[in-house]
Amino acid sequence: MTDAWRPTATTQALQVRSDLLRRIRDFFHLRDVIEVHTPVLGSRTVSDPAIQSVRTDGGFLQTSPEYFMKRLLAAGVPSCYQIGPVFREGETGRWHNPEFTMLEWYRLGFEAAELRKEVADLVDTVLGEGAYKCLTFDALFQSEIGSDIHDADNEELLKLARQNGFVGVGGRSEIRDFLYAQAIDRVEYSRLFVIDFPEDAAALARLKTVNQREVADRFELIVDGIEIANGYHELLDADEFERRFNIDNDRRRSMSLPSVKMDERFLAAMRHGLPPCAGVAVGLDRLFALAMGVDSIAAVTAFPSDRA
Amino acid sequence: MPSYSTNEFRNGLKVMLEGEPCVILDAEFVKPGKGQAFTRAKFRNLITGRVWDRTLRSGVTMDAADVVELEMEYLYSDGSEWHFMRMDDTYDQISAGADVVGDAGQWLTEQDKCLVTLWEGTPISVVPPNFVELKIKETDPGVRGDTVSGGAKPATLTTGATVRVPLFIDVGEVVRVDTRTGEYVGRVRDS
């Protein structure tokens, strides 16, 4: 471990990283999207039960700049982007680090499809041009797992999961998460947008009705099996936000996770009115790793958590 | 036996999976969009050698497998059982059936040093030395001087194993064999 003081990324990788960051800033500059900075340390944090925040004496390290950026939009700031560190406790692996670099941006007046097009343009800027396939969550499930996610009962889903290598037991949403992970791991398309997520996985996306079924107007971009972007046609309804917040906290309690306090300032901004918009977050370390053809984010990160 | 949480998984860790001892070959943290975190791992079954791909919910634990690997000296075979001796101060002996010894048996001569894997004290696999030197028992007569044609012929060794050897090799000569590939490596000159 005598080399533990050294960065895990090569000097060349850090130079490429710098070039790519400049290209991304140019991309937004040319589109009149302004760069903003919001706090990394905040008094409140996200309620999502699948995301654990790093808690400090002074508050929470932010897991995404979403709430702050939406407060800016509600206050009249135009379409904007932010590049900065975000934190997720306990996420460590080849494609995870508890601190990582997020690019998040919001586009006033955009719907999800327009934002997907812009995400593809940005990814083309970093990785070079490529073809994009778009599949609904249900269609992906059907083609890769061979089952209808809605028709299958819990027992069938668990059986399907076991056939796909799942060990143990789990609830419906957990099994669904597992099968989704298997599906994106084996899908043949290099660049794939998955759209129309189950409504209970909406987070802060709006719902829309497709084939008489409510789905979340949310998308993910998967590149070579790696999740790169997660975007929403943003929820504007403050009451619905409160309702989802309470459901999250109930789930947190049932999972013995600490509950989260309501972010009153964010709620007030939602009540004031968020302009119609779409927003997306991109994991930049992963995107840079793909751009450089390396198979871990450590190779493009100066000091991952075990050297931080 | 201790147990290991998925976040302690690392290559080489030995755990119980579906009632059988396995070694972890690879483990990866995966977290599908906005969902539950999982650990996806490859396990090699230490009894059958098969590799299993399995995914566990992050944070669950697996029991450690009581598996040890020992360097042991091969003593003799009585036809049904193969006998080995520990090389530490205990000189304990254990025996393993043909199902456990498997293909390793065809390379072993007395006093060879083997790697024996024990699960709860019972042998589950035997790995012979990477290279063994064995005498040719049977083969077609050697073609004198033919050291360049590159031709080969089958030869039976004193342990019963069959390997392909160059044409110039004769009965009674000693050859060196790589047990991992079963291939002839060279002739051993009389010393």
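Predicted model: local features only at pLDDT ≥ 70, side-chain atom pairs only at ≥ 80, totals over all residues.
**Figure 1. The overall form of chain A.** Chain A contains nine helices and 13 strands. Taken along the principal axes, its C-alpha atoms fill a box of roughly 50 × 45 × 40 Å. A compact globule of 308 residues would have a radius of gyration near 19 Å, and the value for chain A, 19 Å, agrees with this. Of the 308 residues in chain A, 42% are buried. When contacts in chain A between residues at least 6 apart in sequence are considered, 66% of them join residues at least 24 apart.

**Figure 2. The overall form of chain B.** Chain B has one helix and 16 strands. Its radius of gyration is 22 Å, whereas the globule rule gives 16 Å for 191 residues, so chain B is more spread out than a compact globule. The C-alpha trace of chain B spans about 75 × 45 × 25 Å along its principal axes. Buried residues account for 27% of the 191 residues of chain B. Among the contacts in chain B that link residues at least 6 apart in sequence, 45% are between residues at least 24 apart.

**Figure 3. The side of chain B that touches chain A.** Here 16 residues of chain B are in contact with 23 residues of chain A. Strand 3 (20-30) and strand 5 (51-57) of chain B each provide at least two residues of the side of chain B that touches chain A. Strand 5 of chain B gives the most to this side, with five residues. By type, the residues on this side of chain B are six nonpolar, four polar and six charged.

Figure 4. Five strands make up an open sheet with mixed pairing, in the order 8(A)-5(B)-4(B)-3(B)-2(B). The edge strands, each pairing on one side only, are strand 8 of chain A and strand 2 (14-17) of chain B. Strand 8 (residues 166-167) of chain A runs parallel to strand 5 of chain B, and two bridges join them. Which residue of strand 5 of chain B is the bridge partner of Val167(A)? The partner is Leu56(B). Strand 5 of chain B is also joined to strand 4 (residues 38-45) of chain B by seven bridges, and these two strands run antiparallel. In that pair, Ala41(B) has Arg54(B), in strand 5, as its bridge partner.

**Figure 5. Helix 5 of chain A and its buried face.** In helix 5 (residues 154-163) of chain A, the buried residues are Leu157(A), Leu158(A) and Ala161(A). Seen down the axis of helix 5 of chain A, these residues fall within an arc of 100°, so they line one face of the helix. Glu155(A) and Gln163(A) are exposed on the other side of helix 5. The buried residues of helix 5 pack against strand 8 and helix 6 of chain A. Just after helix 5, Gly165(A) takes a positive phi of about 95°.

**Figure 6. Helix 8 of chain A and what covers it.** Which residues of helix 8 (residues 264-272) of chain A are buried? They are Phe266(A), Ala269(A) and Met270(A). The buried residues of helix 8 of chain A lie within an arc of 100° when seen down the helix axis, so they line one face of the helix. On the other side of helix 8, the exposed residues include Glu264(A), Ala268(A) and His272(A). Helix 2 (66-74) and helix 7 (238-254) of chain A are among the elements that cover the buried residues of helix 8.

Figure 7. Apart from neighbours within four places in sequence, Leu221(A) is in contact with Val119(A), Val123(A), Arg191(A), Phe193(A), Ile228(A) and Ala229(A).

Key
Residues numbered from 1 in each chain as written. Chains lettered and ligands numbered in written order. Contact = placed C-beta atoms within 7 Å. Helix = DSSP H or I, 4+ residues; strand = E, 2+ residues; numbered from the N terminus. Nonpolar A, V, L, I, M, F, W, Y, C, P; charged D, E, K, R; others polar. Pairing = 2+ DSSP bridges. Buried ≥ 20, exposed ≤ 12 C-beta atoms within 10 Å, placed from the backbone. Arc of directions from axis to C-beta. Rg over C-alpha atoms; globule rule 2.2 N^0.38 Å.
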